[in-house]
Amino acid sequence: MRPVILLAGLATLGQAAAQSTENVVLLDDLASPVTVPATDTRAVRWVDVDDDGDLDLIALDYAQANELFLNEDGVLVPDTQLPNSIFAGSVSKGLASGDVDGDGDVDLLVCNGNDRPNALHLNQGYAQGGRLGAFASVQAGDLTSDTKHTYDASFGDVDGDGDLDAIVVNRHQANALYRNDGTGMFTRDGSSAITHDLGASRAVDLADLDLDGDLDVLVANSGGETQFVYVNQGGAQGGVEGEMQRLSSGAIATDGGDSYGVRAGDLDGDGMPEVLVANRAGVNFLYENVSTGATVDFAPVLDAVFSTAVNDSFDACLTDVDGDGDVDVVVANRDTPNDLFLSRGHPFDFVRVAAGELVSTNSQTLAVEAADLDGDGLPELAFANTLGDPNMLYRNLGPMWRDLGSALPGSGGPPSLEGQGTLQDAESVTLRLRDAKPSASAALVIGITTIFAPFKGGVLVPAPDVLVTGLPTDGVGALDVHATWPTGLPSGFALQLQMLVSDGGAPLGTAFSNGLAATNL
């Protein structure tokens with residue numbers, strides 16, 4: 001009961017000003033086997049290897065055995081069922097996943113550096129007649145016989161023939177497009193513009209940049225080289241699907257950076273994918289998609305908060321971290337804490353989160369991937385770390401302040417309760433009650449748990465561990481309660497709050513605000 005006793009002061013009226021910082025509670029799951037120290041993890045990928053409807057996690061370790069963690073009811077456990085060829089590892093740097101042989105399970109391409117061949121691992125379920133999630137290495141034509149210094153790859157049906165082709169990017173060697181014959185055998189397309197280009201390539205992403213129904217290709221290059229953007233000539237371009245033409249003009253094709261990551265996603269809500277490029281020792285690049293018809297074009301966005309932050313960035317992830325329906329940005333940094341930028345719902349209007357474990361813990365991070373591990377609708381974040389740092393799995397508990405619903409209208413409609421403040425030790429917080437009955441008496445209910453119990457025709461959301469009465473609304477039915485957040489609460493500790501307002505227009509004379517969860521950072 002000590003946390004509730006500490007919080008009793010929350011209902012003390014005062015003049016403290018509450019901060020309005022947006023945030024979400026992300027806690028590093030130190031008990032997860034994912035966080036065991038690894039010498040050098042280069043990539044992490046969420047993949048449903050056993051086709052059971054949830055996402056498993058693969059960690060690619062350089063010069064070590066790779067790791068597979070199976071999702072068992074939201075908990076990741078190491079796969080100890082042998083044989084499994086992906087465990088052999090090599091000099092792994094990247095991973096592509098997809099059903100390359102068309103049998104309904106997911107296969108894996110492990111990218112190897114140091115002029116070693118890449119490895120295609122076929123899932124042994126379904127057509128192979130073995131265990132789903134067990135893999136066997138196979139020869140796959142040019143895809144596994146070419147020896148390159150490969151950093152990344154991606155599967156996608158670039159030519160529209162119904163099977164997955166492979167785009168492989170290599171450092172200081174020609175990149176390559178490999179076409180799939182439908183059975184998982186790949187032939188290098190020697191005529192493709194992708195195969196002709198050579199650069200210090202580090203990452204690849206596929207996206208339909210002009211929304212014409214075919215896949216275009218993005219390649220990030222390091223060492224001050226420009227990015228490669230390939231426009232598929234099918235669809236709006238009126239040519240042959242699968243033939244690529246590299247953009248030669250515009251900032252996205254002429255900006256040079258030390259770029260290690262590239263991601264496409266709709267950051268302004270217009271349905272068109274933007275492009276974010278993660279750079280080392282400089283600002284990251286953000287390009288707004290301004291394509292029209294057959295013309296693919298991008299405009300640099302110079303004032304977005306994540307395109308002005310300078311860090312040693314290796315990767316980025318575009319995902320709805322706080323579950324509000326728009327896309328947020330997570331940036332993976334080495335030597336400094338990682339970054340989280342939450343969208344405010346307006347084009348390129350993001351706030352850089354300043355508090356919480358994720359943005360205050362120094363790490364040696366090379367990659368980040370998001371997925372809803374536990375099925376609660378919020379993505380967890382997995383980080384790949386190098387130089388002996390343990391990898392990290394951040395559990396997503398949702399926004400600091402979360403609306404729990406269950407308001408009961410009074411004479412002026414349902415009272416609305418919201419919270420402001422960063423929910424850290426000794427920080428100021430404010431509870432704001434609005435739309436309640438004017439000049440009425442209100443009570444604040446504080447509890448550690450939610451009970452959703454029927455009460456006087458409404459629903460009492462929190463357990464009533466603390467009840468503070470006699471709080472007056474003003475002449476327009478508003479009430480602000482100012483307080484200081486207590487010290488000593490563990491990260492992830494949640495308190496439930498609700499206001500009850502005396503109102504003759506409500507059932508049995510009491511209106512209920514929505515419930516509110518306040519989760520400690």
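How do the residues of the lining of the second largest cavity divide into nonpolar, polar and charged? They divide into nine nonpolar, one polar and no charged, where Ala, Val, Leu, Ile, Met, Phe, Trp, Tyr, Cys and Pro count as nonpolar, Asp, Glu, Lys and Arg as charged, and the others, Gly among them, as polar. The model examined here is predicted, so local features need pLDDT of at least 70 and side-chain atom pairs count only at pLDDT 80 or more, while totals for chains, interfaces and linings use all residues. Residues are numbered from 1 along each chain as its sequence is written, and side-chain values use heavy atoms, with hydrogens and water left out.

Rolling a probe the size of a water molecule over the atoms shows where empty space is left. A cavity is taken as a set of points, on a 1 Å grid over the protein atoms alone, where a 1.4 Å probe fits but cannot get out, and lining residues have an atom within 4 Å of a point. Grid points are joined across faces, edges and corners, and a volume is the space filled by probe spheres set on the points.

The largest cavity has a volume of about 80 Å³. Its lining counts 13 residues, and Val24, Ala355, Gly356, Glu357 and Leu358 lie nearest its centre. Strand β1 (residues 24-28) gives the largest share of that lining, four residues. By residue class, the lining of the largest cavity comprises ten nonpolar, two polar and one charged.

Charged side chains are the next topic. With a salt bridge defined as a side-chain nitrogen of Lys or Arg within 4 Å of a carboxyl oxygen of Asp or Glu, the count comes to 19 salt bridges. One of them joins Asp79 and Arg131, whose closest N and O atoms are 3.7 Å apart. This pair links distant parts of the chain, since Asp79 sits in the loop between β5 (75-78) and β6 (92-98) and Arg131 in the loop between β9 (119-123) and β10 (135-138), 52 residues apart. Asp79 is buried, at 7% relative accessible area, whereas Arg131 is partly exposed at 26%; here buried means under 20% relative accessible area, exposed over 50%, and partly exposed in between (1.4 Å probe, protein chains only).

Another salt bridge is formed by Arg188 and Asp146, with the closest N and O atoms 2.6 Å apart. Because Arg188 lies in strand β15 (residues 186-188) and Asp146 in the loop between α2 (142-145) and β11 (147-148), the pair ties together parts that are 42 residues apart in sequence. Arg188 is partly exposed, with 34% relative accessibility, and Asp146 is buried at 11%.

The side chains of Arg432 and Asp480 also meet in a salt bridge, at 3.8 Å from N to O. Here strand β35 (residues 428-434) carries Arg432 and strand β40 (residues 479-484) carries Asp480, so that distant parts of the chain, 48 residues apart, are linked. Both partners are partly exposed: Arg432 at 25% relative accessibility and Asp480 with a relative accessible area of 30%. Gln173 is placed in strand β13 (residues 165-174). Its side chain and that of Asp115 are joined by a polar contact of 3.0 Å, a term for a pair of N or O atoms within 3.5 Å in which, within protein, one must be able to donate a hydrogen and the other to accept it, and residues adjacent in sequence count only if both atoms are side-chain atoms. A polar atom of the Gln173 side chain also lies 2.5 Å from the backbone nitrogen of His149.

Finally, the cysteines. For disulfides, meaning pairs of cysteine sulfur atoms within 2.5 Å, the count comes to zero. Cys111 is in no disulfide, and the nearest cysteine sulfur, that of Cys317, is 18 Å away. Cys111 counts as buried at 0% relative accessibility, and Cys317 is buried with a relative accessible area of 4%.

Terms used: On a 1 Å grid over the protein atoms alone, a cavity is a set of points where a 1.4 Å probe fits but cannot get out, and a pocket is an open set with protein on both sides within 12 Å along at least five of seven lines; lining residues have an atom within 4 Å of a point. Helices (H or I, at least four residues) and strands (E, at least two) are DSSP runs, numbered from the N terminus.
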